Amino acid sequence: PQYLNRIVREISHRTALDWINTMLTGEIAQMLETTDDSVQEIADRLRFADQATLAKFFKRQKGLSPTEYRKQRKA
């Protein structure tokens, strides 16, 4: 893990965790935009412990709750 993080940081100036969080946030956003799946279904599919954990993660990354994000994108 340390080696991977060091190499990724040298190449991209970002940590491996940052890349993972970015990709995961993008996947959640895409699912919110393109499906009618509930936030709970998305949380289950992406193996979050529960809907609240996904919502907390997403809000920290995007600044909006999943529900707010979906409403904004569908409007």
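Biologist: Let us start with F58: buried or exposed?
Modeller: In this predicted model, F58 is buried, and its relative accessible area is 0%.

Biologist: Which ring pairs with F58, and what is the geometry?
Modeller: The partner is Y69: the two ring centres lie 5.3 Å apart and the planes make an angle of 80°, so the pair counts as edge-to-face. The cut-off for that label is an angle over 60 degrees.

Biologist: Where do F58 and Y69 lie?
Modeller: F58 belongs to helix α4 and Y69 to helix α5, so this pair ties together parts that are eleven residues apart in sequence.

Biologist: And how buried is Y69?
Modeller: Y69 is buried, with a relative accessible area of 4%. Leaving out residues up to four places away in sequence, Y69 touches A29, L32, E33, F58, K62 and L64.

Biologist: How many aromatic pairs are there?
Modeller: The count is two aromatic pairs. Besides F58 and Y69, there are the rings of F48 and F57, whose centres are 5.7 Å apart and whose planes stand at 50°, so that pair is tilted. Both F48 and F57 are buried.

Biologist: Which residues make up the largest nonpolar core?
Modeller: That core has twelve residues: I28, A29, M31, L32, V39, I42, A43, F48, L54, F57, F58 and Y69.

Biologist: Which elements give two or more residues to it?
Modeller: Those elements are α2, α3 and α4. The largest share, four residues, comes from α2. As general background, nonpolar side chains in soluble globular proteins tend to be buried together.

Biologist: Turning to α5, which of its residues are buried?
Modeller: They are P66, Y69 and R70. Viewed down the axis of α5, these buried residues fall within an arc of 95°, so they line one face of the helix.

Biologist: What covers that face, and what is on the other one?
Modeller: The cover over the buried residues of α5 includes α2 (16–34), α3 (39–45) and α4 (51–62). The face turned away from the buried side carries the exposed residues K71 and Q72.

Biologist: What is R70 in contact with?
Modeller: Setting aside neighbours within four places in sequence, R70 is in contact with M31, L32, T35, D36, D37, S38 and I42.

Biologist: Where does D36 lie, and what is in contact with it?
Modeller: D36 lies in the loop between α2 and α3. Neighbours within four places in sequence aside, D36 is in contact with R70 and K74. D36 is exposed, with a relative accessible area of 71%.

Biologist: How many salt bridges are found in the whole structure?
Modeller: The search finds four salt bridges. One of them joins the side chains of E33 and R73, at 3.9 Å from N to O. E33 lies in helix α2 and R73 in helix α5, so this pair ties together parts that are 40 residues apart in sequence.

Biologist: What are the relative accessibilities of E33 and R73?
Modeller: E33 counts as partly exposed at 36%, and R73 is partly exposed at 48%. E33 also touches Y69.

Biologist: Finally, R14: which side chain meets it in a salt bridge, and over which ring does its charged end sit?
Modeller: The side chain of D18 meets R14 in a salt bridge of 2.7 Å, N to O. The charged end of R14 sits over the ring of W19, 3.9 Å from the ring centre. R14 is partly exposed at 24% relative accessibility, and D18 is partly exposed at 30%.

Definitions and conventions:
Residues are numbered from 1 along each chain as its sequence is written. This is a predicted model: local features need pLDDT of at least 70, side-chain atom pairs count only at pLDDT 80 or more; totals for chains, interfaces and linings use all residues. Side-chain values use heavy atoms; hydrogens and water are left out. Contact means heavy atoms within 4.5 Å. Buried means under 20% relative accessible area, exposed over 50%, partly exposed in between (1.4 Å probe, protein chains only). The arc is that of the directions from the helix axis to the C-beta atoms. Rings of Phe, Tyr and Trp (its six-membered ring) pair if their centres lie within 6.5 Å; planes under 30 degrees apart count as stacked, over 60 as edge-to-face and the rest as tilted. A charge sits over a ring if NZ of Lys or CZ of Arg is within 6 Å of the ring centre and within 35 degrees of the ring normal. A nonpolar core is a set of buried Ala, Val, Leu, Ile, Met, Phe, Trp, Tyr and Cys residues joined through side-chain atoms within 4.5 Å.
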